[in-house]
Amino acid sequence: SGLVGSEMCIRDSYKSERGEIRLIIDYFDDIGDIKTFIEQNNDGCQSQIRNYNVYYTTNNGTTVATWTSENKIYKIASDSLSSEEVLLFIKTFYGV
């Protein structure tokens, strides 16, 4: 099954001492298929941050983390930060 198209997309970048973090937030009508897609397309790395299951992986030097909330899908990518640093950014993002 294919993924549904997004209604709106927000892109932002954050600078850290170690490098840039790209944050993409997509809004969808139905998050169910996307949540399943995220859960199935990761290398088994998962972290619980607040009430969110954050799935993350590092491929070819790029760390990517994804999670869903209501009708939004969040994706963070960084070419210079480790997965631990990206997870720390997400915790800071949510004030944890």
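**Reading a predicted fold, feature by feature**

Modeller: Let's start with two strands: β5 and β6 run antiparallel, and seven bridges join them. Keep in mind as we go that this is a predicted model.

Colleague: Thanks! In β6, which residue is the bridge partner of Thr 66?

Modeller: Thr 66 has Lys 75 in β6 as its bridge partner. Another residue to look for is Thr 68, which stands opposite Ile 73 in β6.

Colleague: How many residues lie between the strands in the hairpin of β5 and β6?

Modeller: Two residues lie between the strands there, and Glu 70 in this hairpin takes a positive phi near 50°. The hairpin of β4 and β5 also has two residues between its strands, and Asn 60 in that turn has a positive phi of about 50°.

Colleague: In what sense do β4 and β5 pair, and over how many bridges?

Modeller: They pair in the antiparallel sense, over five bridges. Tyr 56, for example, has Ala 65 in β5 as its bridge partner.

Colleague: And how many bridges join β2 to β6?

Modeller: Six bridges join them, and these strands run antiparallel.

Colleague: Let me step back. In what order do the elements run from the N terminus on?

Modeller: The order is β-β-α-β-β-β-β-α. That makes two helices and six strands. To see how much of the chain is hidden, take the share that counts as buried: 39% of the 96 residues.

Colleague: Why is β5 described as largely enclosed by the rest of the structure?

Modeller: Count its buried residues: seven of the eight in β5 are buried, so the rest of the structure largely encloses this strand. The reasoning works for β6 too, where six of the seven residues are buried and the strand is therefore largely enclosed.

Colleague: Now the helices. How should I read a helix that has a buried side?

Modeller: Here is the general idea: an α-helix has 3.6 residues a turn, so residues three or four places apart point the same way. Now the case at hand: in α2, the buried residues are Ser 83, Val 86, Leu 87, Phe 89 and Ile 90. They cover an arc of only 155° around the axis, and this puts them on the same side of α2.

Colleague: Which exposed residues does the face turned away from that buried side carry?

Modeller: That face of α2 carries Glu 84, Leu 88 and Thr 92. After α2 comes Gly 95, which has a positive phi, near 70°.

Colleague: What about Gly 32: in which helix is Gly 32 found?

Modeller: Gly 32 is found in helix α1, residues 32-40. With a relative accessible area of 31%, Gly 32 is partly exposed. The C-alpha atoms of Gly 32 and Glu 70 are separated by 9.8 Å, though the two residues are 38 apart along the chain.

Colleague: On to the inside. How many residues does the largest nonpolar core have?

Modeller: It has 17 residues, and those with the most contacts inside it are Val 54, Trp 67, Ile 76 and Ile 90. The elements giving two or more residues to this core are β2, β4, β5, β6 and α2. The largest share, four residues, comes from α2. Another core lies apart from this one; its five residues include Phe 28, Ile 34, Ile 38 and Ile 73.

Colleague: Beyond its neighbours within four places in sequence, which residues is Ile 76 in contact with?

Modeller: Among them are Ile 21, Leu 23, Trp 67, Val 86, Phe 89 and Ile 90.

Colleague: How do I read a pair of charged side chains?

Modeller: Side chains of opposite charge can pair when their charged atoms come close. Here the count comes to one salt bridge. Arg 22 and Asp 79 form it through their side chains, at 3.6 Å from N to O. Arg 22 lies in strand β2 and Asp 79 in the loop between β6 and α2, so the pair ties together parts that are 57 residues apart in sequence. Arg 22 is partly exposed, with a relative accessible area of 30%.

Colleague: One last feature: how are aromatic pairs described?

Modeller: A pair of aromatic rings is described by the distance of the centres and the angle of the planes. A search of the whole structure finds five such pairs. Ring pairs link Tyr 52, Trp 67, Tyr 74, Phe 89, Phe 93 and Tyr 94 into a cluster.

Methods:
Residues numbered from 1 in each chain as written. Predicted model: local features only at pLDDT ≥ 70, side-chain atom pairs only at ≥ 80, totals over all residues. Heavy atoms only, no water. Core = buried A, V, L, I, M, F, W, Y, C linked by side-chain atoms within 4.5 Å. Buried < 20%, exposed > 50% of the residue type's maximum accessible area, 1.4 Å probe, protein only. Contact = heavy atoms within 4.5 Å. Salt bridge = Lys/Arg side-chain N within 4 Å of Asp/Glu carboxyl O. Phe/Tyr/Trp six-rings, centres within 6.5 Å; stacked < 30°, edge-to-face > 60°. Pairing = 2+ DSSP bridges. Arc of directions from axis to C-beta.
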